[in-house]
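Please read it with the structure open.

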Amino acid sequence: MRNIIVCDFDGTLLNRNSFPLWISFITKRAFLKMNWLLFIRLIWLLFLRKLLRFSHSFFKRKLIMLNVPQDYNEEFVISLKPYINQDLINILQESTCVMILSTAAPSSYAKYLKNIIPFAIDKEYFSYVEKGKLIENYGKEKVTNLLNDFGKDIDFIVYTDHYEDIPLITSSKQAYLVNPSTVTLNKLQELNVSYKLLNTRVLT
């Protein structure tokens with residue numbers, strides 16, 4: 001079997017956090033297209049999020065369950081192209097490994113992310129809702145999902161930017177930290193976790 005690369009999306013393949021960008025995009029798009037029902041539901045959810053401070057997971061589940069029109073999500077993904085980490089793309093394009101995209105982003109738009117990645121994605125994991133329950137692909141769940149599909153003896157390389165992926169990092173045979181924050185570096189040093197640093201150009 002070919003070697004396996006597991007790559008995070010937000011902050012790694014993308015030089016941004018896509019989730020707040022998505023919320024802003026679909027809210028504006030609903031307004032411009034006079035989709036008043038969706039617009040009001042989005043504004044109401046944002047208001048309740050501020051007022052009640054309910055959890056990120058609850059908020060994500062509610063947003064996924066809004067069933068945002070497909071064309072909104074596809075257009076949003078296209079809008080992310082300027083923020084793609086081209087340096088990392090160039091590195092991964094040279095690889096012959098099995099490519100896995102593993103992100104906590106919601107399925108609403110995450111299932112279209114491969115459309116802006118210029119190489120084949122062999123497997124993708126993202127967060128989704130099933131029977132009203134949020135199935136997260138986050139932290140330890142990323143490792144669990146990977147082992148369930150590829151077996152416990154899997155050897156893989158991981159590219160990520162964030163300490164939230166420490167379970168993936170410690171389970172990998174090699175970890176690359178892509179433009180990590182000082183907080184992430186400090187957390188990995190505290191845990192004595194080994195990694196290689198990959199600093200790429202970040203366009204603002």
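1. Glu 136 is buried, at a relative accessible area of 16%. Buried means under 20%, exposed over 50%, and partly exposed in between (1.4 Å probe, protein chains only). Glu 136 sits in the loop between strand E4 (133–135) and helix H7 (140–150). Helices (H or I, at least four residues) and strands (E, at least two) are DSSP runs, numbered from the N terminus.

2. This is a predicted model: local features need pLDDT of at least 70, side-chain atom pairs count only at pLDDT 80 or more, and totals for chains, interfaces and linings use all residues. Residues are numbered from 1 along each chain as its sequence is written, and side-chain values use heavy atoms, with hydrogens and water left out.

3. Which side chains make polar contacts with Glu 136? Lys 60 does, at 3.0 Å. Ser 127 does too, at 2.9 Å. A polar contact is a pair of N or O atoms within 3.5 Å; within protein, one must be able to donate a hydrogen and the other to accept it, and residues adjacent in sequence count only if both atoms are side-chain atoms.

4. Now helix H4 (residues 70–79). Tyr 72, Asn 73, Phe 76 and Val 77 are buried there. They lie on the same side of H4, because they cover an arc of only 130 degrees around the axis. The arc is taken from the directions from the helix axis to the C-beta atoms.

5. Ile 40 lies in helix H2. Ile 40 is exposed, with a relative accessible area of 55%.
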